[in-house]
Structure formats: C-alpha cells, structure tokens
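Subject: Handing over the two-chain model

Hello,

I am passing on the structure we spoke about, and below it you will find some notes to read beside it. Please keep the picture open as you go through them.

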Amino acid sequence: MSKRDLRFTESHEWLKVEGTEALIGLTDYAQGELGDIVFVELPSAGTHVSAGDVLTTVESVKSVSEVYAPVAGDVVEANAALEDSPDLINSDPYGEGWMVRVKLEDVSSVDQLMTADDYEERTKG
Amino acid sequence: MSETTRKQEAVVEPTIFELSSPGRRGYRFPPLDVPEIDPVEVFGESQVRSVEPAFPELTEPEVVRHFTRLAEMNHHVDRGFYPLGSCTMKYNPKVNEDVAGLPGFTRLHPEVDEVHSQGALALMHGLARHLAAISGMDEVSLQPPAGASGELAGMLIVRAYHTDRGNPRSKVIVPDSAHGTNPASLTLAGYEAQEIKSDSSGRVDVDELRRLVDSETAAIMITNPNTLGVFESRISEIVEIVHGVGGLVYMDGANLNALMGIVRPGDIGFDLMHFNLHKTFSSPHGGGGPGSGPIGVTSELADYLPYPVISRDEAKSRGIEYYFDYERPRSIGKVHGVYGNFLVMVKAYSYILTLGPVGLRRVAENALLNANYLQRKLEAYYELPYKGYCQHEFVLSASRQKEHGVRALDVAKRLLDFGVHSPTIYFPLIVGEALMIEPTETESKRSLDHFVSVMIEIARESESDPDVVRGAPSRTPVGRLDEVRASKDLDVSWRQD
C-alpha cells in the first residue's frame, strides 16, 4: 500500500480508512526505534476506544510501549497473526503488521491526523 | 565458515547431562551398616518415585571442569569492569561472603525458635538500627525480599495510613524518569499512577507538581538522585508541596549509593523509603535474586510496618532479648513467607560494620568522583543530554553514533569485545539510545581509563567501520544472541528423551 493513503499521529501510529472502518498500525519509524518486537497485547473485538486511549501494548527487546487510538471507534478485529509473529510489525509495518481494525465513530475525525508529508517532516533528523 | 562461527563451535560446552555416562561416580558410599528401610512403607506409594531420577553421572573432576569452563566463558564482575554499577551489580567485597558462609548462619533453619536464634535476631535488629541511622528513618523492617517488594509494602503502608484518616486517596505521582517498578507497585496497591514530566535539567518539574497535587494525592514516589544521575535539588520544595496536601513522600532507595553518609532521606522530609541491600550494601545478585528490600518509615508510620517486627527487650522479661513481635494490630501484614532473605542481610551487616560511618561516606564520595571523571572524559565523544555534574551515574546517548547506523545496543555489544560488560541501555526511557553508566566506588583510575579508551575507540569505529560495531561481539565465546528468540522461545530445561 502507498504511504500516501495513510494518516499519522504524533505518537507514531498510522491509520488507513476503508469505508467506515480503519486499519491501525505502528509506523516504520516507530518499529525501528522499538527494535525487535517480541509480544503484542491485542484488544478484543467490541472494545470501545476514544481518541488517545491505550489501544494495545507492544513489547520489544528494549521496552514495553503503549499504542494509542488515533481516533474514536469500536474494535472490529485485531490481527491474530501478530500473536505468533509479532515481528511482522518490524518486517512489514504498513502491511502484514497491521494491528487493529476499528469501526470509526466519525469518519471525518481522521482529517485531523497528519498526512504522510507532515509525518515525514516530523520524524526527520 | 566464518572465524566467529568456528570459534563458537570450538567452545560450545555440552550440558552436564550430555557429559554423563552410566555408572560414573564421584564418591562411592560404604556398604549400608543399618537395616534397610522401604521408603514406600514409611512415606506411602504416592510420595515415592516409580522411575529413578535421571541424574547426570560424572567423576568429580569432570563436574569441576565443566562448571569452570562455563564460568570462564561468562563475563562477570570478578573478571572485568561492569559499568552497571549499584543499579545492578557493584563489586562485592569477599569478606562479606566469608561472614555469610559461617555455618552458624548457613545452617540456621528458618523455623528455628527465637530461643535458639538469638544471634541471628540480634544481627537483624542491629542491621535495622544501622539502616535507620544511615537513612534518618525511625523504624526499619527487613522483611521485603526485593526492591519492588519494598515498594509494594511502602504503597500498602501509604494506603493504610490514609485509610485510617478516612480516605485512602486515589493517586500517586511518579516522575517520567522513574524505575518501571514504581508505577507497577502503586497500581498493585490500588492507586492510579500520575506521571510528572522532567524539566530540561532532568529534574521534576516543580511548577507542574504544584498543579498536579490535590486532596486525592496519596503520595509521590521519587528516586533521588534520579535515574539520570541528577540530584533533585528542589527536593525540599517537592516535599513541602506534597505534604501541603496531606500526601506522603516515598523515596525509591535504588540510588542510595550516592547519598550514604552525606545526606539522610529522613532529614530531607521523606516519610518512607526502601533500601536495596543487594545493590547499595553489597550483595551479589542477578538472574532474579536473592535480594533484600527493607523498608524504613518515620515513627508516624511505624505501626503499619509488616509484622512480625523484630523487637528488643533488654530486661529479658520473657527470658530472651530479641523476639518476633506480632502484636501489631495496624500492620499491613506479612510480605514474605519467612522473614526476608537472611544471608543477604548478613552480607549487608558485614559491609556496614567493615566500612563504618566514615567508610560509607567515602563509598558515596568515590562513586560520585568516578562517575564525574568518566562523564567529563566521554562527553566529547558521546552526546550528554543532561549537562552538569552528575551523582553516582550519568546517562549518555548514542545519538551521534546512530547517524552512522550504530545504536546503543551495538555499542554495548562491542564493549564485550574489549572485556567490559555493557552498561544499562535504553533506560531511562526519556533518553533516546540511552547508555547509563555507573562505575561505582571500587574501580581504580586505571580501570576507569581503560573504559574511557575503549569507549573512545568504539566511537571512532562507529564512524570509520560501523559494521564492526554492528556485528559485535566477535571476540567472545558466542556472538550476538537472538534476543527475540531468547524472549519468545526461552527453553533452558533439559529433558530426558
């Protein structure tokens, strides 16, 4: 997928809108900073999150970090493949390494998130 | 086959089970000269094995050589510099081991009654008094068996104290540089963690603290000096602000090494704290223990200490001088099955008595001097995010090396090639590519200079030959380990086929 279709947060999540739902994952920059990821705690379907709530926890060889919900919504499904292969976040952060699919509370809330260019600027240097 | 692979294969040591051959013995027992007893008759069938355990069978020299080879492959504090410091493992004087090895201590059963354990109780009582004197706390319980256990006991005391005043309160404040155990401990005690940011000097933002505190603030947990190795110079203000709303001030004593004999937390106004005997007071640990995390409190909180407390009755009205005092109705209860890790206490007691008040102060002074020496020597080569004099440790960042694709982890691994253990890396979390260096008091100028030269060499390599650093270690018995597998598929048990 092209990074152009994605929106980004200050806390290094990405979000891709698909109709009234969205996929959420960790950015390439974030996985690089975290190092090898060894465990992902995934939320169960039906969990409601507000923007800024803790969505999941990821554990790398360096540290444990929280992943925040970029916008409000209900968790539709989590990427079960990450249970056995959390390293998918390292190898394919924008593809196979997606973390959660949410039903968006308000599709237009996504507009407030950063574009790929904004995010690139923010993580430069 | 690369040179590294060949080298690894040459030194791979089989497990002791693989070295076993049936019938080999270290010792042979003389023929039985008492009537043989059938264990099934005595213990019952359910308690007796039907299959003999698969113990390895080897001669004594085979066993000795196996473990000696393993020890030689390992890096340890008796072999080389260990800049993890009192945070993890400072050098532990051998005299403490001698004392803790005395049969009167090692052969004492934990359930022996008070009458027959007066010596041990006297030692524990004395140690608690010494810790009280060093910290300025009024009473000390030696029961918590680890630092985090001490923290939890402390938070339960905070809860008991506030509950007695009508409201347990709901929040405990922790700085963003805190040890991860702090938020874990307060959460276990039923509190909500409130994080407070550090200011640009690496200290607690006092104005932010003023805004955060209210009538729901149960306590603040603070490490001083903090994990950046920076002394919280506005600590008196912090204490005043938290006391102002009726909260308690807890000190995480992990970094007491920098204060011993110079500053007493009790004099600053701390209400309670824990000590890490296995860090500050010299007792080897690692791989999970054994530790000892005594907790000290002011007299106002003494009733809440874990029971039993070791009390002294000089008049010996019950025939004994030292006894376990269970008459503590407001106590938070027991925090350990027996009474903490006793032999760690013996080592700490020995350490304190060997050094005395002047010696303990010199420990802290030398720890500070050594850390500042290293910081000054290295700041030209590695980024120093928080400037100024440090306490017993300081935090560098490998951010300059990162520009060449070399990270803190790579620097840490390369150090092993020069016979130096890695410092703490990636902590505290507020410093990217953090290298937390704590030389401690025991290192000579020669060993510090060796470390400086190695760190400078690695900084040079990071620019000129980054692949060497990224591929490190290459001179150790085994190369870089697969940390993901070590974390996910850890399998360290041997099973019989």
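Before the first sheet, one term is needed: two strands are said to pair if DSSP finds at least two bridges between them. Please also bear in mind throughout that this is a predicted model.

With that term in hand, you can look at an open sheet of 3 strands in chain B, where the order is β10-β12-β11 and the pairing is antiparallel. The strands at its edges are β10 (394-397) and β11 (424-425) of chain B, each of which pairs on one side only. Between β11(B) and strand β12 (residues 434-437) of chain B there are 2 bridges, again in the antiparallel sense, and Thr424(B) has Met436(B) in β12(B) as its bridge partner.

Stepping back to chain B as a whole, its secondary structure comes to 18 helices and 12 strands. Its radius of gyration is 26 Å, close to the 23 Å that the globule rule gives for 497 residues, so chain B is as compact as a globular protein of that length. The C-alpha trace of chain B spans about 75 × 75 × 40 Å along its principal axes, and buried residues make up 40% of the 497 residues. If you take the contacts in chain B between residues at least 6 apart in sequence, 73% of them join residues at least 24 apart.

Chain B is divided into domain 1 (13-56), domain 2 (99-352) and domain 3 (358-478), and the C-alpha centres of domain 1 of chain B and domain 2 of chain B lie 45 Å apart. Helix α3 of chain B covers residues 60-73, and its 14 residues reach 20 Å from the first C-alpha to the last, which is close to the 20 Å expected at 1.5 Å a residue. This helix, α3(B), is hardly covered, since the count of buried residues among its 14 residues is 0.

Leaving aside neighbours within four places in sequence, Ala193(B) is in contact with Val172(B), Val174(B), Pro183(B), Leu186(B) and Thr187(B).

The bond from Tyr307(B) to Pro308(B) is cis, with omega near -5°, and Pro308(B) has its place in the loop between β7 (295-297) and β8 (309-312) of chain B. The bond from Ala472(B) to Pro473(B) is also cis, with omega near 0°, and Pro473(B) is found in the loop between α17 (466-470) and α18 (483-488) of chain B.

Lys316(B), in the loop between β8 and β9 (322-325) of chain B, has a phi near 50°, a positive value in a residue other than glycine. Is Lys316(B) buried or exposed? With 11 C-beta neighbours inside 10 Å, Lys316(B) counts as exposed.

Turning to chain A, you will find 4 helices and 9 strands. For its 125 residues a compact globule would have a radius of gyration near 14 Å, and the 13 Å of chain A agrees with this. Of these 125 residues, 37% count as buried.

Strand β1 (residues 7-8) of chain A and strand β2 (residues 13-18) of chain A pair in the antiparallel sense over 2 bridges, and Trp14(A) in β2(A) is the bridge partner of Phe8(A). These two strands, β1(A) and β2(A), form a hairpin with 4 residues between them, and His12(A) in the turn has a positive phi of about 70°. His12(A) is buried, with 22 other C-beta atoms within 10 Å.

A further hairpin is formed by β2(A) and β3(A), with 2 residues between them, and here Gly19(A) in the turn has a positive phi of about 70°. The strands β2(A) and β3 (residues 21-26) of chain A pair in the antiparallel sense over 6 bridges, with Leu15(A) standing opposite Ile24(A) in β3(A).

Finally, the two chains meet: 6 residues of chain B are in contact with 6 residues of chain A. By class, the side of chain B that touches chain A has 3 nonpolar, 1 polar and 2 charged residues.

Notes: Residues are numbered from 1 along each chain as its sequence is written. Chains are lettered from A and ligands numbered from 1 in the order in which they are written. This is a predicted model: local features need pLDDT of at least 70, side-chain atom pairs count only at pLDDT 80 or more; totals for chains, interfaces and linings use all residues. Domain bounds come from an automatic or database domain assignment. The expected span of a helix is 1.5 Å times one less than its number of residues. A residue is buried if 20 or more other C-beta atoms lie within 10 Å of its own, exposed if 12 or fewer, and partly exposed in between; C-beta atoms are placed from the backbone. The radius of gyration is taken over C-alpha atoms; the globule rule is 2.2 Å times the number of residues to the power 0.38. Two residues are in contact if their C-beta atoms, placed from the backbone, lie within 7 Å. Ala, Val, Leu, Ile, Met, Phe, Trp, Tyr, Cys and Pro count as nonpolar, Asp, Glu, Lys and Arg as charged, and the others, Gly among them, as polar.
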